[in-house]
Amino acid sequence: MDSHTAAHALTPTARNLTDAQLDAIGDSDGVVGVILNVGDLREDARGDKPDMPLTRWVAHVDHITERIGVEHVALGSDFDGAPMPLDCPDVAAIPRLLDALREAGWDDVALRAFAHGNWQRVLRATWKP
């Protein structure tokens, strides 16, 4: 599991996961939380440029989903201090993220899994009383 990352194949920063690392998480039935930190999403890795379209974030989500499956990807955010895209400055903008995925072809079942279902599955499997 990785709660705050993106695809190294699209933005090669130290925080982002390589395809081999993504494969290992998928193989272990884990989940990848996709971050919103613009420095880990932009092609130029510029964290000081929040004018990034949400389609760039969607590209990272889609890459991870195509690589390891929709059941292994979720919202990772990082609203507590990382530079956010102008279109998603805080948690109140989460509906915009889901709309961006919907516009990219995601259906309601996949959106529910992404928004909360995948985290719930992994947490139930790993947090034992």
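This is a predicted model: local features need pLDDT of at least 70, side-chain atom pairs count only at pLDDT 80 or more; totals for chains, interfaces and linings use all residues.
Residues are numbered from 1 along each chain as its sequence is written. Local features need pLDDT of at least 70 and side-chain atom pairs pLDDT 80 or more, while totals for chains, interfaces and linings use all residues, and side-chain values use heavy atoms, without hydrogens and water.

Me: How far apart are the end C-alpha atoms of helix α2?
Reply: Helices are DSSP runs of H or I with at least four residues, numbered from the N terminus. The expected span is 1.5 Å times one less than the number of residues. The 15 residues of α2 (residues 54–68) should therefore span 21 Å, and the end C-alpha atoms agree, at 21 Å.

Me: How many residues of α2 are buried?
Reply: Buried means under 20% relative accessible area, with a 1.4 Å probe and protein chains only. Among the buried residues are W57, V61 and I64. α2 is mostly covered, and of its 15 residues the buried ones number 11.

Me: Is T5 buried or exposed?
Reply: T5 sits in strand β1 (residues 2–5), a strand being a DSSP run of E with at least two residues. Its contacts (heavy atoms within 4.5 Å) beyond four places in sequence include R15, V32 and I35. With a relative accessible area of 0%, T5 is buried.

Conventions: Buried means under 20% relative accessible area, exposed over 50%, partly exposed in between (1.4 Å probe, protein chains only).
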